[in-house]
Each structure stands twice: as C-alpha cells, then as structure tokens.
Amino acid sequence: MTRTILVTGATSGFGAATVARFLAGGWRVVATGRRAERLQALVETHGGERLHTAAFDIRDEAAMRVALDAIPTDFRGIDALVNNAGLALGTAPAQRADLAQWRQMIDTNITALVTLTHALLPVLIERRGAILNVSSVAGSYPYPGGNTYGGTKAFVTQFSLGLRSDLHGTGVRVTSIEPGLAETEFTLVRTGGDQAASDTLYAGAQPITADDIADTLWWLANLPAHLNINRIEVMPVSQSFAGFQIHRD
Ligand code: NDP
Ligand code: 8X3
C-alpha cells in the first residue's frame, strides 16, 4: 500500500530534500510552504502523480485549514507528518533583539506546528502514523543570540515527548529530530539575506546536508512498527561543545 507523508517547509533545505527522498521511496507526498514557484518547481522535477503541493503561510490558520480541506482524496490518508517549517531570525542578544522577529519565530515554530499537529491527529491515530518534529540542538544547548529560537525548539522537543505520552497505546510514533550545524537557507534567512555570512559560517566545516536529514527522516518513518526513537540529536563531526562564559568585574 502506498503511504503518504505531509512535509511542511518543503520549498527549501531539509523539507525539499525530504520530498525528494520519500517520492524516490515510493510514497505519496503533500508538500507545503509559502513560495508557490518553489512548489511548482518540485512538481516539474518530480511529476505530480504522487505529489500534491499547497502554498500557504503556516501562521495563517484559516489558510492552513483551506489547504487541508483541499487535499485530494488519494493523499488524505496521511501516515507521517514532518513538522519542518521553521526559522531563526537574528542573532542579537535579547536586550537588543527585535520583538517582531521573536513573535514570528514563536508563531511559525510553535503555534503553527501545534495547530497543524492538532488538525492531523485524528488521521494519524486512525493510521497509526508518525509525527516527526524538526527541533534543533538549540533547544538543548543555549548560546548567545539563541534566545527565542532556542526557546521555540525546546518547546518542540518537549511537546514531542508530551505527545508520546498522550498518544500511548495509539500506535502513533513521535520523534524530536535535533540537528546541529546544517547548510541550507537557514543562515541566509536568519541574517536577512547575508550570503557572505552564511558562506563564512559553513566554510570548511563539512556541515550536515539537507540530504543527511532527509535520510534520517526516511529511516525514522520506516522503522519497524514496534520501535520509537524519542529524540535524535545529529551533529557534523566538525561540531562539538564548548564551555560556560564567566563575567568578571
Ligand atoms: P530553510 O530556510 O532552508 O527552510 C525553511 C523552510 O521553512 C522553508 O521551506 C520555508 O518555506 C518554510 N517556512 C518558513 N516560514 C514559513 C511560513 N511562515 N509558512 C510556511 N513555511 C514557512 O531552513 P532548514 O531547511 O534548515 O530548516 C528547516 C527546519 O530545520 C527549521 O525548523 C529549522 O529551525 C530547523 N533546523 C535547521 C538547522 C540548520 O542548521 N539548518 C539545524 C536544526 C534545525 P517558505 O519560505 O517558502 O515559506
Ligand atoms: C539550527 C542550529 O545551532 O544554528 O537550529 O541554532 S543552530
């Protein structure tokens, strides 16, 4: 039986690679994001037989519900939800941060994620499906300028664990995927389009690729039905931990 996955944030980075991975593996895919031209490009690349796209801003609950209602019958039996759409905005310390950017991160990374999850829980329970939430190492390890972004990802991880608890006995799997340094459009978005800053961050570091995360999601979605990976933290070998900072008078 052909299985179906819904991937948010499918226009770029992890999401676009995940669409390609699951289509190559024979799944049906519902791909969402704001940039309609990027979604159209996915259809041109992969064909539309097993791919349905829906362009909407995930912060717009009404638009989300219209898009869900418009999913064609063949794609409605969703077996896996990849909550991937998200972003970091800015690296300023809290005392100099832009409140509008904080709100956008909360609206996208938290509010939209829980809204979509809530809407799809009935079908995911009916199909004993999987919820794969893209969190971040930023949810576990604080760093200067990570403030609200890290807070949103801590929420994603804890929400995932709470879902596991609530969904006990339903057969639904839930995983918090926590990547570290990964080269996508993430830093371009975070810096407001500073390509040089993005290139500098990743230069020589051999960061995680979008395909690495797509492969991880593929592995998670295809595990034997009796196994659940609660959390998975993924870093490039080039990234590790550093110490606390100490201020002295
Ligand atoms: P990209 O910027 O390449 O992709 C982000 C995706 O999110 C895009 O498809 C974008 O689509 C979508 N998105 C953002 N805002 C909205 C919105 N309001 N409505 C709908 N879609 C939206 O970054 P990544 O692929 O790296 O990021 C994917 C996820 O991975 C994010 O949740 C990010 O926080 C997380 N992550 C990233 C890491 C990294 O280092 N790259 C590490 C750890 C986690 P569009 O703009 O078309 O709407
Ligand atoms: C992205 C990873 O370390 O840039 O979530 O916050 S980090």
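Which residues surround ligand 2? In this predicted model, the shell consists of Ser136, Val137, Ala138, Gly146 and Gly180, where a residue counts as near a molecule if its C-beta atom, placed from the backbone, lies within 6 Å of it. Sorted by type, that shell holds two nonpolar, three polar and no charged residues. Here Ala, Val, Leu, Ile, Met, Phe, Trp, Tyr, Cys and Pro count as nonpolar, Asp, Glu, Lys and Arg as charged, and the others, Gly among them, as polar.

Ligand 1 has 28 residues around it, and the closest are Gly9, Gly13, Arg34, Gly86 and Phe186. This shell splits into eleven nonpolar, eleven polar and six charged residues. Helix H1 (13–24) and helix H6 (186–190) each put in at least two residues, with H1 giving the most, three.

As for the overall fold, the protein has eight helices and seven strands, taken as DSSP runs numbered from the N terminus (helices: H or I, at least four residues; strands: E, at least two). Buried residues, those with 20 or more other C-beta atoms within 10 Å of their own, C-beta atoms being placed from the backbone, make up 38% of the 249 residues. The C-alpha trace spans about 65 × 40 × 35 Å along its principal axes.

On numbering, residues run from 1 along each chain as its sequence is written, while chains are lettered from A and ligands numbered from 1 in the order in which they are written. Because the model is predicted, local features need pLDDT of at least 70 and side-chain atom pairs count only at pLDDT 80 or more, whereas totals for chains, interfaces and linings use all residues.

How values were computed:
A residue is buried if 20 or more other C-beta atoms lie within 10 Å of its own, exposed if 12 or fewer, and partly exposed in between; C-beta atoms are placed from the backbone.
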